[in-house]
Each structure stands twice: as C-alpha cells, then as structure tokens.
Amino acid sequence: MQPPEGSSIIAPPIVAIVDGSVGFRLAIAALVTEYFPDARIEDIDPYSQTMCGAGFTFGTRGDAVILGGVGTESEAFDALTRLRSRDNCPPIIMLVADNLASQRPTLLAAGAFDVLRKDALSGQRLRAALTRAIAPAQRVVDPTHHQSAPTTAPAIYDKFFLMDDNAPIAVDIDSYRCLSKLASGQLAHVFLAEHAVNQTRVAVKILTSLAVHNTREMSTFCNLARRLRPHRGTSVVREFDSGITATFPYTVMEYLSNGDLRQRMRKPIDVGTAIEIFGRLLHALGELHQSRICHADLKPESVFFRDDASIVLIDFNISTMFGSTVRCSETGDVLGTPIYMSPEQGAGQPVDARSDLYAVGVILHELLTGAPPFVGDTAAQIIFRHLHDEVPLLPMRLRQFQPILDKLLAKSPTERFATPNDVMRALARIAVPNAD
C-alpha cells in the first residue's frame, strides 16, 4: 500500500523497550514491528547493571523509549526524573498499571511523551504514539496502515469476562465494548464487540492459553503472527488491532457474519456446491502454505465465508511452521482435533502441508457424505483409526472422487498430494455436476 500523497516515510526508527519481563518485551517488539518492520529494537532489562541494550547508550540516542514495568506513582516519577536528566533523552512512552492511569496528566506534565495502560494495551494506540514521537508533525508515517481498520477512539473500556475456575475475570480491550461471547475453549475466548466510535462490529479473540511472560511460547506466537501478516484480508481473517489485556495477547478481527462451514453443512449440500466449496478451501490453504505455515487444526468450524463467498481461515491457536510438531510445551500432549488430525500429527511427529491436506480430505468426505470417515468414543480411538483403518468407500454415485480421497487420506505423508494445487489439478480431471 502506498503512503498518502504528499507524505514521506522516515528512516527505520530506533526504539528502546524497557521492561522486566522478556516475554512482554517480545510482545511489545512484535506490536512495533508490525508497522515498522525495519525498526531497530533495543531490548533492555531495567534490572541489569547498566540498563543498556546492545550498542545503545541508554538515553543518549535513539528515537523513542517504551517504558514498562511501572507499578507505583513513586516508580513512575523516579523513572521519568532519571531518564529525563540524561542528555538527548528520546521521547518516553510510559506503560503503566491500571491504578496509575488517572495520573496521566501529571505524568505528561512531568515529561512523559504519552501514557498508556499496560494491562489494556492496544497495538494501534501504541504505534500511533510511537509515530508521533519519532516523526515531525508535518510528516505522515505508517505506510502499512490498514484503511479498513476502525478509527482510533478515546480509551473506552467495556468489560470482557473470562472464566477461570468458574470465577469471572473482567478484562479490557481498548476502544471496544463487549456485546456477547461467540465461543469459548481451553485455548481462547472469542467475543462479538463494537467499536466505541463508529459502531463497527468485530470479533475479539483473547488467547488465554498464552501469558506474555511465557517467553518461549510468546516468541513462537510472535513469529507466527509475523508470517501470517501478508495473508490477512485474503486467505486469513483480517486483523484490525492486537495487543495485551491483563497478561494475555488479543486480536481484534473482522466479524464474519456469513458463518462457518459447519453451519453450511447442517443443510444438505449438492455435489457440485460441495466441490466448489472444496476448491475455494484448497485455494485459501495454498496461499497459507506459501509461508510454510501448517494450520494444524483445519475443520469446518475454522473455515468461514466472506460476502463474496470466498473462504477465509481462522483459529491459528496451534498452527506451526513446516517441520515442527504440534504439542503442548508444558505437558507434551499432542494438540489438535482428533476427527481431522493426520496420522503423523496424532503420533506427535513433524507436520507440513500434507498434514493439512489430510484434514482437507476428512472435510471432503464430510462434504460429500455428511459424516467424517473415522469416528470413535474417545480421542485415542479416533487417532488409532486414522493410523490403521482403511479409507472407507464412497457411495457409487460419488465413486469418481475415491482416488482423490484415497490419496488425501493416505497414512504416509509421502503417498499424499504434496500441495493444494496438486489436488486442484487432479480434481479438474473429474466431471463434476454444476453447483445449484
């Protein structure tokens, strides 16, 4: 996307991120580099002896300081006094606890460039503050700004309620009001929300399975988010904002009111329509695989429709790079949905594009027949059947699709199609009735 006419793009900024949590510094760096991909990030532990990043004489050069870890009023003013006393101190964006949010005017008067809530931190608001800090007022930066993103609102909070051991926990999402809960699971909670200014309806996903202080998981999450970014708005659900609420990452996404494939499959689908949907799913998956990302949890509930009938993928909670395993880092348990899980994923082995294509084969069987090929009373039974049972035969009226289904559901990845394009080429050689 081109910058607005008459604007100029500044040089990549140097930004110091100061916080005692490594995971939180990783999360902040990811929010900054989403719009400033070439930014030089100085990662600074405030408890180190020198409080210096690599090659960075703290407080004497650079474009901005993002200062977290401020919990009390005395800490806030002491930090400002110490940093502002240094020559050429860059603008300081302070991230403060909720109890200090009311002190914003006083902190600004004391020399802070901006003051944001650390436990309800919007990436969009952080980047706006950073843009103002590093660029003269007459210059427009942020050339990758999403035009479709809702307008930034004053900091308005209308609680989102999470459940922890059956006790509700209230959290805030900057600029959005919660309308209802759409989904809830072990990994995340999804809400329908409304923007406080323009009433745009969005879906807000709070990833409660990942705390920002979990350094290893946070690093993996940030790397995946970076790789997904080129596909946002095409094969992957569009993102308007992301940030941190309490200690959890969250994402504000487009609300896909046309529903998912599971809803579509509750009514009979003719063969032509089923194959048409299947082809669009393959196209979306092919785009995702260009970045060597394995979705690892493809199922009808993660396949949504836009107004133009195109397919959009959601639920990247356990997605991983090709060649990795899909396991819980703490327990070692295999992750995924057993009915759609490839044999190698169920066995805890590395996954790649062919693992997603196995899941696509399960979806194809369900589209054509109304039921998945392998079911069982427990997850272990279903995984065993994926590993050992023969692919069931389709009814005679659908038998022309059997070779494709057999190859998609082959036990060994080496015997499957290698890419979604390979599947589409094979499908093109089969006579398919026109969709109704």
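1. Strands β9 (residues 176–184) and β10 pair in the antiparallel sense over seven bridges, where helices (H or I, at least four residues) and strands (E, at least two) are DSSP runs numbered from the N terminus, and two strands are taken to pair if DSSP finds at least two bridges between them. The two are joined by a hairpin through four residues, and Ala183 has Val190 in β10 as its bridge partner. This is a predicted model, in which local features need pLDDT of at least 70 and side-chain atom pairs count only at pLDDT 80 or more, while totals for chains, interfaces and linings use all residues. Residues are numbered from 1 along each chain as its sequence is written, and side-chain values use heavy atoms, with hydrogens and water left out.

2. On its other pairing, β10 is joined by six bridges to strand β11 (residues 201–206), and these two run antiparallel. Glu194 stands opposite Arg201 in β11, and in the hairpin of β10 and β11, which has five residues between the strands, Gln199 takes a positive phi near 60°.

3. How many of the residues of β10 are buried? Seven of the seven residues in β10 (189–195) are buried, buried meaning under 20% relative accessible area, exposed over 50%, and partly exposed in between (1.4 Å probe, protein chains only). In a regular strand the side chains alternate between the two faces of the sheet. Here His189, Phe191, Ala193 and His195 point one way, Val190, Leu192 and Glu194 point the other way, and all are buried.

4. These strands belong to an open sheet of six, in the order β6-β12-β13-β11-β10-β9, with antiparallel pairing. Its edge strands are β6 (120–122) and β9, each of which pairs on one side only. Neighbouring strands are turned by 25° against each other on average, direction ignored; axes are lines fitted to C-alpha atoms, for helices over the stretch in contact, and angles run from 0 to 180 degrees between N-to-C directions. Within the sheet, β12 (residues 239–245) and β13 (residues 248–254) pair in the antiparallel sense over six bridges, and the bridge partner of Gly243 in β13 is Tyr250. Helix α4 (residues 123–134) packs on this sheet, touching β6 and β12, and its direction makes about 95° with that of β12; contact means heavy atoms within 4.5 Å.

5. Another open sheet has five strands in the order β2-β1-β3-β4-β5, with parallel pairing. Its edge strands, β2 (40–44) and β5 (114–117), each pair on one side only, and its neighbouring strands are turned by 20° against each other on average, direction ignored. Strands β1 (residues 14–18) and β3 (residues 64–70) pair in the parallel sense over four bridges, with Val18 standing opposite Leu67 in β3. Helix α1 lies across β1, β2, β3 and β4 (92–96), running at about 165° to β2.

6. Gly23 is found in helix α1 (residues 22–35) and is buried, with a relative accessible area of 0%. Not counting residues up to four places away in sequence, Gly23 touches Val212, Thr215 and Met218. The C-alpha atoms of Gly23 and Met218 are separated by 5.9 Å, although these residues are 195 apart along the chain.

7. Which way are the rings of Phe160 and Phe191 arranged? Rings of Phe, Tyr and Trp (its six-membered ring) pair if their centres lie within 6.5 Å, with planes under 30 degrees apart counting as stacked, over 60 as edge-to-face and the rest as tilted, and by this rule the count comes to one aromatic pair. The ring centres of Phe160 and Phe191 are 5.3 Å apart and the planes lie at 90°, so the pair is edge-to-face. Because Phe160 lies in strand β7 (residues 160–164) and Phe191 in strand β10, the pair ties together parts that are 31 residues apart in sequence. Phe160 counts as buried at 0% relative accessibility, as does Phe191 at 2%.

8. For the protein chain overall, the secondary structure comes to 12 helices and 17 strands, and buried residues make up 50% of the 436 residues.
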